[in-house]
Amino acid sequence: LEKRTCQFGRAGKIHGDVFQRSYLEYTFCQYHCENMASVEHFTCPACTPNMIALCADGNRKQYRFRQSKGSEQPYFDGTFIAKDAEVQHFVEEIRSKMKSTAGRGICGASQWSAARETARRASKLDEEGIEVVVCRHGVLLKALNMYRGEIFAYPLFLQKELQAATNGQFFCTDIACKYWPYLEKLSVSMSELRPLLQMRPFLSVMHAKAHSTKCEIIWSGKNQEGAGTTAGEEVEMVNSYLSRCALTTKYMTKSARNDMLTVHAIGWNRRKQEGLHLALSSRYVKVTCEKAEADSQRLEDLTNQLGCPENMVHQWVHDVREWASDDSAGTRCDDQQPLQESIEEMFLAVHHRKASLYNQTDSNKIRQLRRRKLGEEKKKLFEKIKLYNEQVADEERILEDKVESRLSVVEGDSGADCLIWPWEVHSRESSNILTKKKIFDVYMSKMRLQEEKIILIREMRQHCTYLRKLAWSLRKMMSEMSSGRNSGSLSEEGHR
């Protein structure tokens with residue numbers, strides 16, 4: 001670099017801060033030149049004007065130390081990262097309208113640090129990270145600086161900023177089961193937030209595995225009608241890319257960090273937009289030609305194996321939804337009812353996670369952690385069973401040996417020996433919730449793939465329309481400049 005600059009008449013070493021500032025000035029000028037050419041840096045062509053999903057998540061690696069001070073204003077102020085004053089005003093308004101509840105949200109066997117309304121500020125940090133929103137194709141849309149951890153107010157601000165502009169149908173988060181009730185409660189006192197309820201909650205598909213079984217059935221994106229094969233985890237890929245900057249941005253000034261992250265976001269979006277046509281066509285071929293046919297055959301084989309007629313599939317799916325959404329257990333007079341449902345849910349969770357242990361992990365290290373977690377959940381299950389057996393007669397007790405054997409059979413079981421609960425043996429149900437859940441999962445997978453085909457065709461059409469509109473805008477601009485109607489003060493070289 002020094003050798004090249006010396007060729008232009010400059011001698012000596014390059015000062016790092018001066019070079020950084022000149023680089024940011026160059027990228028800022030380039031950004032405005034592209035704006036003149038109608039380039040929209042933080043828009044997804046395939047999702048415009050109707051977006052399927054907005055995916056939000058925090059990145060705690062993008063923190064910055066307090067010791068890095070600076071008073072200069074950022075070039076890209078509010079371009080990608082929202083202005084701190086606007087976010088702070090919104091957070092204070094929320095706190096004035098509703099009393100906050102301290103603590104973290106617990107769902108299933110997991111405690112979620114992001115599921116909270118309040119958090120302390122770190123003593124040695126200024127910005128504690130960033131919260132970003134992307135579309136389902138991984139294109140960055142908006143971000144903000146976090147100053148108090150991942151509180152609910154941050155994704156709420158981003159949802160409010162983007163809902164009207166994108167016409168999003170779903171809002172994806174890792175803690176949707178906690179976030180959405182918070183939004184519903186807050187919208188009662190803040191009428192300007194009520195339009196946000198037109199969107200639908202979406203629990204990220206992979207994070208849903210760590211939630212309770214009932215929570216996964218109700219909130220998981222794979223069970224949401226109209227979502228297609230949207231995973232809600234697209235933001236993780238973007239955060240992994242932005243985290244590469246953390247080694248240097250944590251020592252930068254506030255303005256330099258803002259500008260550098262914006263430049264990286266523009267570069268990421270440019271690569272995404274240039275390869276969008278290949279991504280859409282490849283996804284369409286995989287969904288329509290491979291996965292859809294395979295899942296249809298899998299559902300047919302499973303119904304034959306479990307003895308479920310075709311006309312009973314919808315009933316079983318309805319039964320699983322009813323089981324997951326049943327909140328009346330705690331209000332019934334029967335003291336055993338909540339305990340029975342708790343045992344069913346814990347058994348279903350352990351069985352499902354044990355069956356998918358090798359399908360969803362390719363590392364012995366991760367499997368070891370999951371086995372340890374499975375062991376803890378299994379221990380809690382048998383403690384519940386022991387408590388239940390102490391409350392009932394001998395003939396109504398649960399046989400622990402039979403439960404152990406059912407947990408060991410995770411592949412190839414016919415479901416004929418599924419009735420392991422005494423309350424199911426004496427009921428009119430022909431199959432228990434575990435058998436129905438298998439049909440439910442495969443049926444939902446098949447339906448999402450059928451929806452994905454329709455969604456992809458619509459996104460391809462929107463992508464083509466967006467590019468045609470951009471080409472027409474450029475032709476109009478070139479025609480006006482060549483005729484001198486929009487020349488302004490540009491020279492002939494400037495026109496070229």
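Is K160 buried, exposed or partly exposed, and what is its relative accessible area?

Modeller: Keep in mind that this is a predicted model. K160 comes out as partly exposed, because its relative accessible area is 30%. Its salt-bridge partner is E161, with the closest N and O atoms 3.3 Å apart. E161 is partly exposed too, at 35% relative accessible area.

Now for the surroundings. Helix α4 covers residues 153-166 and packs on the sheet, where it touches β1 (53-59), β4, β5 and β6 (170-173). The direction of α4 makes about 155° with that of β5.

The sheet itself is open and has five strands in the order β5-β4-β1-β6-β7, with mixed pairing. At its edges you find β5 (140-146) and β7 (200-203); each has a single partner strand, so one side of each has no neighbour in the sheet. On average, neighbouring strands are turned by 20° against each other, ignoring direction.

Go to β4 next, residues 129-134, which pairs with β5 in the antiparallel sense over six bridges. V134 lies in β4, and its bridge partner in β5 is L140. V134 counts as buried because its relative accessibility is 0%. Beyond four places in sequence, V134 touches A53, L54, C55, V139, L140, L141, E234, V235 and V238. Take A53 from that list: it sits 81 residues from V134 in sequence, yet the C-alpha atoms are 8.5 Å apart.

L54 also turns up in the largest nonpolar core, which has 49 residues; L54, I94, L144, Y154, L156 and L186 touch the most other members. Among the elements giving two or more residues to this core are β1, β5, α4 and α5 (176-189). The top contributor is α5, with seven residues. As for L186, its contacts outside four places in sequence are I94, M98, L156 and L193. There is also a second, separate core of 33 residues, including F347, F440, Y443 and M444.

Back to charges: the whole structure has 18 salt bridges. R283 is partly exposed at 22% relative accessible area, whereas E452 is buried at 0%.

Note on methods. Residues numbered from 1 in each chain as written. Predicted model: local features only at pLDDT ≥ 70, side-chain atom pairs only at ≥ 80, totals over all residues. Heavy atoms only, no water. Pairing = 2+ DSSP bridges. Helix = DSSP H or I, 4+ residues; strand = E, 2+ residues; numbered from the N terminus. Axes fitted to C-alpha atoms, helices over the stretch in contact; angles between N-to-C directions. Contact = heavy atoms within 4.5 Å. Buried < 20%, exposed > 50% of the residue type's maximum accessible area, 1.4 Å probe, protein only. Core = buried A, V, L, I, M, F, W, Y, C linked by side-chain atoms within 4.5 Å. Salt bridge = Lys/Arg side-chain N within 4 Å of Asp/Glu carboxyl O.
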